[in-house]
Amino acid sequence: MADDVSKHGMWSSRMLFVLAAAGSAVGLGNIWKFPYITGENGGGAFVLVYLLCIAFIGLPVMMAEILLGRAGRESPINTMRKLARASGGGNDWTAVGWMGVVAGFLILSFYAVIAGWVLHYIFLLAGGTFTGADGDFTTKTFSAFAGQTLPNIPWQELFWFTVFIAATAYIVARGVSRGLEMAVRWLMPVLFTLLIGLVVYAAIVGDFAAAWRFLFKFDASRLTADGVLEAMGHAFFTLSLGMGAIMAYGAYVPARVSVTTTAATIAVLDTVVALCAGLAIFPIVFATPGLEAGAGPALIFQSLPVAFGGLKLGALVGAVFFVLVAFAALTSAISLLEPAFAFLVERYNVKRGQVAIVAGAACWLLGVGSVVSDPFLGWVDFLTGKIMLPLGGLLIALFAGWVLAKRVVAEQLGFAEGWKWIVWSVAIRYVAPIGVVAVFAYPLVTAIHEHLHAGS
Ligand code: TRP
């Protein structure tokens, strides 16, 4: 059957797909974003909601993206068109693919800014800037670098941001497996090992007990409507869901690979990395005067240098750590462009290299806005993370659960009856969609509730 391979290439093994998808999932979302939004949202309760969203919304949606991708074997836009037609749905479902392409560009535009910070920090660390540094020093260093406002042009930030965009476009241009294999096969395990080492080190020199309590002690009073939405949005963001990245990767998965097992593996890996990042950072934060959990996007850039600064060989280890984080960001960034690339290649039969220049330039232009303006960055982050990704995920769940012919789903999952089928159906038809809608509606409901109370 011609449909059994994708024209864009195929993963050479099941393992490689898991690595690539995990490479997409594990990135700045785990190491930079998870700790800082957890810090801003007061810890435990937020973490619990996040974990629930991963399990009950993220996992089913990930399975849906993989199976849709593999059933269609094309870019998300054309896959949605093809599957919707075959199942008697309308052409409107391609909108899911289009929205994903736009979301991918928007996310990459600010993702590359943060990745640029990481690149800059490699050199700061390697140069010994932070040897013996305290929280005051790391905080000041960060704002001197990234805290400038117009009309000052942050040239260094702009430079590293540009380097990262260029690297991303270059790798995507080389195609799915050639550019990617090495990065994910070798560098991700090393990153993981170093992260564990960092947790142990933080436990020795920092306040591990306080960090543990902060992350895992449930305190409902700290939960806000916005925090719940943030947790759900982040579940999509960290698993790379809701915009077709995993669907695009799913198109290159060989038949006979279990969708359930791979999705579960990726979700677990991703979650473990995020929790480790939290356990590496918060012990330092709580033991260092001048640092605070709610510091926002600057959090890891203020806390990790303190840890490395107090370590023998810290300049070296710190630089290596940030190099690995940069690679983790790169393997995520390329998945943000893959849906657009696959589509353009299908539609216009252009070369990936040609697309790279145009796509890279477009992302760069958009990202300059985020380089020079923090509010702009925050706005793009909000639009994608709290609106577009959950909405995309909702539509994907509805499509897989209600529109796609059962025969297609069953063929992809490898089961069509029994408890597995029941769990799957309930999850994708009811739990995930209702979960997303409920979280969307929650701020609204609280607002109305407060309004009524204020009136009475
Ligand atoms: N998941 C990645 C991270 O946590 C970011 C990312 C890559 C992403 N591809 C995506 C987010 C697709 C949303 C959608 O860093």
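This is a predicted model: local features need pLDDT of at least 70, side-chain atom pairs count only at pLDDT 80 or more; totals for chains, interfaces and linings use all residues.
Residues are numbered from 1 along each chain as its sequence is written, and side-chain values use heavy atoms, with hydrogens and water left out.

View 1. An oxygen atom of the ligand is 2.8 Å from a polar backbone atom of G29. For Y111, an N or O atom in the side chain is 2.5 Å from a ligand oxygen. On its own the ligand exposes 360 Å², and the protein buries 100% of that (areas by the Shrake-Rupley method with a 1.4 Å probe).

**View 2. Helices around the ligand.** Helices (DSSP runs of H or I, at least four residues, numbered from the N terminus) α1 (14-25), α2 (28-40), α5 (94-126), α10 and α14 (314-348) each give at least two residues to the shell around the ligand.

View 3. H234 belongs to helix α10, residues 225-238. At 1% relative accessibility, H234 counts as buried (under 20% relative accessible area, 1.4 Å probe, protein chains only). Leaving out residues up to four places away in sequence, H234 touches G29, K33, F34, I37 and Y50 (contact means heavy atoms within 4.5 Å). Its side chain reaches the backbone oxygen of G29 at 3.3 Å.

Notes:
Buried means under 20% relative accessible area, exposed over 50%, partly exposed in between (1.4 Å probe, protein chains only). A polar contact is a pair of N or O atoms within 3.5 Å; within protein, one must be able to donate a hydrogen and the other to accept it, and residues adjacent in sequence count only if both atoms are side-chain atoms.
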